[in-house]
Amino acid sequence: SQAFGTGQHATTSFCLRQLAGARKAGKTQSFLDIGTGSGILAIAAAKLGCNPVVGTDIDPQAMLAARSNAQINNTVIQFVLPNDNAPELAAEMKYDIVMANILANPLQVLAPALVNKMRPGGKIVLSGVLARQAEEVIATYSQWLRLEVWKESEGWVCLHGTLPEQGAKV
């Protein structure tokens, strides 16, 4: 089985395909990658024209690797640790696309924080979820938005949803 973050893992390829599909031509979209790891999704977002692109991870070593990968790929990305009080993660900062390719349990624990980073009408993509955990994760997010299974492969699923515009009913 492939390591997370190499681009070979089913969950990474889900995210890359979602990212390509979420891009709106002629519109600059902001992008937040939660649990960025090696930075592959953030780099792909930058290459696809997202701006600003922000990646965050609790692992300082991952941040070093991600920064180096971003440089090699000539991309401008802000990589920040969650506890740095970074302006990129301030409460008022909202993003057009929020992506998290981590495991189901942290996705559930972080649900309020992730939804809080979304702009109304913005898109969320969650991966790293086993098919048997999908319902549980969907239920956790249901108070804010409707998540749907987008694809399933090798026992993993990718979930996506849109935050309703202000005042819209879920």
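Trainee: Where does Val98 lie?

Mentor: Val98 lies in strand E4. Strands here are DSSP runs of E with at least two residues, helices are runs of H or I with at least four, and both are numbered from the N terminus.

Trainee: What sort of model is this?

Mentor: This is a predicted model, in which local features need pLDDT of at least 70 and side-chain atom pairs count only at pLDDT 80 or more, while totals for chains, interfaces and linings use all residues. Residues are numbered from 1 along each chain as its sequence is written, and side-chain values use heavy atoms, with hydrogens and water left out.

Trainee: Back to Val98, buried or exposed?

Mentor: Val98 counts as buried, because its relative accessibility is 0%. Buried means under 20% relative accessible area, exposed over 50%, and partly exposed in between, with a 1.4 Å probe and protein chains only.

Trainee: What is Val98 in contact with?

Mentor: Leaving aside neighbours within four places in sequence, its contacts include Leu32, Ile34, Leu114 and Met118. Contact means heavy atoms within 4.5 Å.

Trainee: Now the whole chain. How many helices and strands are there?

Mentor: The protein chain has six helices and seven strands. Its radius of gyration is 15 Å, close to the 15 Å that the globule rule gives for 170 residues, so the chain is as compact as a globular protein of that length. That radius is taken over C-alpha atoms, and the rule is 2.2 Å times the number of residues to the power 0.38.

Trainee: What share of the residues count as buried?

Mentor: Of the 170 residues, 46% count as buried.

Trainee: Which residues of H1 are buried?

Mentor: Among them are Ala10, Phe14, Cys15, Gln18, Leu19 and Ala22. An α-helix has 3.6 residues a turn, so residues three or four places apart point the same way.

Trainee: And what covers the buried residues of H1?

Mentor: The cover includes helix H2 (40-47) and strands E1 (31-34), E4 (95-101), E5 (118-130), E6 (148-153) and E7 (156-162).

Trainee: New topic, the backbone. Which residues does a cis peptide bond join?

Mentor: It joins Asn51 and Pro52, with omega at about -5°. Pro52 sits in the loop between H2 and strand E2 (53-56). Most peptide bonds are trans, and most residues other than glycine have a negative phi.

Trainee: What is phi of Asn74?

Mentor: Phi of Asn74 is near 50°, a positive value in a residue other than glycine. Asn74 is in the loop between helix H3 (60-72) and strand E3 (78-80), and is exposed, with a relative accessible area of 70%.

Trainee: And where is Glu154?

Mentor: Glu154 is in the loop between E6 and E7. Its phi is also positive, near 50°, and Glu154 is exposed at 68% relative accessible area.
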